[in-house]
Structure formats: structure tokens, C-alpha cells
Amino acid sequence: MTYLAKPKLHHPSLAKNRVGYTRRDYEGRISTLCAGCGHDSISAAIIQACWELDIEPHRVAKLSGIGCSSKTPDYFLGNSHGFNTVHGRMPSVLTGAYLANRDLIYLGVSGDGDSASIGLGQFAHVMRRGVNMTYLVENNGVYGLTKGQFSATADKGSKSKKGQTNNDAPIDLVTLALVMGATFVARGFSGDKTQLVPLIRAALAHQGAAVIDILSPCIAFNNHGGSTKSYDYVREHNEAVNRLDFFPQREEITAEYGAGEVTEVRQHDGSVVRLRKLHADYDASDRIRAMSYVQEHAARGELITGLLYLDSDACDLHQELNTVLLPLNTLGAAELCPGSAALEKINASLR
């Protein structure tokens with residue numbers, strides 16, 4: 001019954017956030033994905049995160065590429081801006097949109113096929129340039145739309161539903177993001193909403209390139225014995241290095257915790273990420289250590305989740321380019337064409 005539209009009427013008792021929206025206002029169309037798909041859980045987490053952050057839906061621009069993951073923006077934030085690009089090209093289209101209008105909140109949604117294969121170069125450069133965006137990778141290790149071939153993130157030695165063995169080494173998008181300069185790097189699991197929602201909230205508030213690699217099992221083609229991206233495998237091998245709470249600047253921080261180290265990181269806008277360390281030796285501010293830590297535990301067959309790296313002093317692309325504070329798409333002829341004298345001055349400085 002996926003062709004049926006959701007009712008527009010909302011029950012009057014539904015809770016509203018600070019800007020007057022109910023959680024239903026952040027939903028999209030009815031999902032056409034397979035029942036039990038991890039991607040739908042990610043959509044629900046995005047909806048919850050945006051509602052809790054009091055984000056007005058029309059201030060969000062959501063962009064995607066091609067694949068099951070790239071269909072999901074149709075299932076959340078139905079009243080926001082949206083653009084579905086060609087395969088692997090979401091980062092460059094998003095970069096252009098961000099340069100034109102810095103006032104929007106940019107959410108890029110991609111998959112392991114879209115980002116780790118044809119879009120690998122685009123993924124690397126958007127991290128390197130520090131585009132102010134939240135980049136969500138819905139990672140299931142297969143090409144679901146074309147019936148379950150291994151993707152570039154499939155682990156070596158893992159088996160397909162038909163029993164074939166993957167002999168290629170996997171691409172770890174978390175490690176690549178760290179190498180290429182992303183300033184917020186995390187890994188989540190679609191089956192752990194308690195961890196995922198705060199991660200998305202913190203990423204949306206981050207000023208710079210924020211990437212979350214989300215393990216999202218494909219119920220149709222990669223949820224069997226021999227798969228390292230199945231629900232059972234991820235639950236059995238998930239090693240969370242921290243749990244976090246996210247507090248916007250306006251909220252008073254009041255919380256009590258039991259045993260365990262607690263670290264607070266204040267971001268550029270005054271918001272606070274509070275890390276409850278499950279591993280006392282883990283430091284989310286050390287980029288080099290984060291890369292080593294992920295690889296060390298991957299060698300043991302462990303999937304590290306949580307906030308892996310955060311640079312609280314990150315700069316975004318507009319700051320690096322020293323552009324004007326106004327969105328470029330609002331500038332008129334007077335600002336864009338300052339006259340021949342200004343042009344001569346620019347040319348002289350380049351001689």
C-alpha cells in the first residue's frame with residue numbers, strides 16, 4: 001500500500017517543538033523500501049534529530065545520488081529543499097548549492113556504492129574542502145537496487161546471499177574521512193537509535209565537514225550468515241567507544257552519570273557534545289589515534305561506533321574562501337559588478 005499518501009491531518013495532542021512543529025511535520029512520503037530495511041531506521045533518526053533541534057524544515061537542503069540510500073530523502077523532511085543528483089555526484093552539487101546559499105542546512109545522503117565506488121573522489125574532496133554539511137553514508141555493503149552484488153565496503157572474506165566470497169579489500173570510509181580532513185567523524189548503527197540520534201544532532205550543529213558512516217543492514221541481500229553487515233553480526237561485533245549527549249547552546253546542561261569518564265567539547269556555536277567514555281583510553285580529539293584505533297579493532301573483527309573524531313575549532317569552505325556573509329545568490333549587480341576601477345585593481349594585484 002505504499003502508493004497511499006499519508007494523511008495531512010495531525011492529532012491535536014501531538015507534542016510540538018519550540019518552533020511549533022510536531023514530529024509528523026518532519027516526515028516525508030511512505031517508504032517503498034523493503035520491510036525491515038535499516039535505511040528506514042536512519043530516516044526515523046533524522047526526523048527525530050531535526051525535531052529535537054527545532055529546525056524549520058524549509059531551512060534544510062537534502063541532496064542524494066543513486067541507490068536505495070539515495071531514495072530515502074523522499075521519506076523525511078517532506079517540506080524541505082531536495083535534489084537527487086546522478087550517481088556519485090551528490091558532493092559536488094551540494095558544494096555548489098552551499099557556495100550559492102550559505103544560510104541553508106545541508107544534509108547529504110549517500111550509500112556505500114554511491115560514495116565508495118563511483119563517488120569516491122567526490123567524497124574525498126568534499127571532506128578536504130571542509131564544506132559545511134552533514135554527510136550520511138547508509139552502508140550495507142551491497143548494491144541493493146541491482147540485486148546484491150558486493151560494494152566497495154564489503155569486507156574481504158564475507159559471503160553473498162548466494163554463497164560467493166568477496167576477495168577484495170574493503171574501503172573504510174571512516175578512515176578515508178579522517179585522512180582527507182573531515183572535522184567530525186563518526187560511525188553509527190541503524191539498529192541503535194539511542195546512539196544515532198545524538199550523533200546526527202551533533203553533526204548537524206557542526207561547522208565543517210561532518211560524516212557519519214552508518215551500518216545499515218540490507219534485509220533482502222545482506223542479512224545472512226557469512227555477511228559482516230547483517231543485523232546479527234553488527235550487534236555481536238559492535239564496540240562503542242563512547243555514548244554522547246548533545247546540548248544546544250540555549251539549554252541548561254544538567255545530567256548525572258554513574259562510573260566512567262565524562263568529557264565535554266564545546267563547538268563553535270556554543271553547543272556542547274558530552275561524551276560518556278566507555279573506553280577510558282579513547283580520545284576523540286586525536287585524529288591520528290582515531291585512525292589507528294579504528295584499524296586496530298577492525299583487525300580483530302570489531303566494528304567501532306560512536307564519535308571517533310571532533311575538531312571543535314573547524315573552519316568551513318566559506319571561511320577559507322573569505323566570502324561575504326550574505327548568501328551569494330542574494331547579491332545584486334552592484335555587488336557582483338563593482339566597475340572597471342575595481343577590476344583594474346584586482347588585475348594589478350595579480351601581475
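In the predicted model, the side chains of strand 1 are divided between two directions, with Val60, Lys62 and Ser64 pointing one way and Ala61 and Leu63 the other way, and all of them are buried. In a regular strand the side chains alternate between the two faces of the sheet. Because 5 of the 5 residues of strand 1 (residues 60-64) are buried, this strand is largely enclosed by the rest of the structure. Strand 1 is joined by 5 bridges to strand 3 (residues 105-111), the two running parallel, and in this pairing Leu63 has Gly108 of strand 3 as its bridge partner. Strand 1 also pairs in the parallel sense with strand 2 (residues 81-84), here over 4 bridges, and Ser64 has Asn84 of strand 2 as its bridge partner.

These strands belong to an open sheet of 8 strands, arranged in the order 2-1-3-4-8-7-13-9 and mixed in its pairing. Strand 2 and strand 9 (238-240) are the edge strands of this sheet, each of them pairing on one side only, and the twist from one strand to the next averages 20°. Helix 6 (residues 173-180) lies across strand 4 (133-139), strand 7, strand 8 (209-215) and strand 13, and its direction runs at about 170° to that of strand 7.

An open sheet of 3 strands is also present, with the order 10-12-11 and antiparallel pairing. Strand 10 (242-247) and strand 11 (262-266) stand at its edges with a single partner strand each, so that one side of each is left without a neighbour in the sheet. Neighbouring strands in this sheet are turned against each other by 20° on average when direction is ignored. The antiparallel pairing of strand 11 with strand 12 (residues 272-277) extends over 5 bridges, and Arg266 has Val272 of strand 12 as its bridge partner. Helix 7 packs on this sheet, where it touches strand 10 and strand 12, and its direction makes about 50° with that of strand 10.

Asp269 is placed in the loop between strand 11 and strand 12, and with a relative accessibility of 31% it counts as partly exposed. The C-alpha atom of Asp269 is separated by 31 Å from that of Ser216, a residue 53 residues apart from Asp269 along the chain.

Ser190, in contrast, counts as buried, its relative accessibility being 5%. Ser190 is located in the loop between strand 7 (184-189) and helix 7. When residues up to four places away in sequence are not counted, Ser190 touches Gly38, Ser41, Ile42, Leu196, Ile214, Leu215, Ser216, Pro217 and Tyr231.

The largest nonpolar core of the model comprises 72 residues, and those with the most contacts inside this core are Met127, Tyr135, Phe184, Val211, Ile212 and Leu307. Helix 7 (residues 193-205) gives the most to this core, contributing 8 residues. For Val211, the contacts other than neighbours within four places in sequence are with Phe123, Met127, Tyr135, Val137, Ala177, Ala182, Phe184, Val185 and Ala186.

Among the helices, helix 3 (residues 90-100) and helix 5 (residues 120-128) pack at an angle of about 35°, and their axes are 8 Å apart. Pro91, Ser92 and Thr95 of helix 3 make this contact with Gln122, Phe123 and Val126 of helix 5. By residue class, the contact of helix 3 with helix 5 divides into 3 nonpolar and 3 polar residues, with no charged residue.

As to the confidence of the prediction, the chain has a mean pLDDT of 91, and 95% of its residues reach 70 or more. Over residues 252-259, however, pLDDT stays under 50, and for this stretch the model has 9 contacts beyond four places in sequence.

Notes: Residues are numbered from 1 along each chain as its sequence is written. This is a predicted model: local features need pLDDT of at least 70, side-chain atom pairs count only at pLDDT 80 or more; totals for chains, interfaces and linings use all residues. Side-chain values use heavy atoms; hydrogens and water are left out. pLDDT is the predictor's confidence in each residue, from 0 to 100. Contact means heavy atoms within 4.5 Å. A nonpolar core is a set of buried Ala, Val, Leu, Ile, Met, Phe, Trp, Tyr and Cys residues joined through side-chain atoms within 4.5 Å. Buried means under 20% relative accessible area, exposed over 50%, partly exposed in between (1.4 Å probe, protein chains only). Axes are lines fitted to C-alpha atoms, for helices over the stretch in contact, and angles run from 0 to 180 degrees between N-to-C directions. Ala, Val, Leu, Ile, Met, Phe, Trp, Tyr, Cys and Pro count as nonpolar, Asp, Glu, Lys and Arg as charged, and the others, Gly among them, as polar. Two strands pair if DSSP finds at least two bridges between them.
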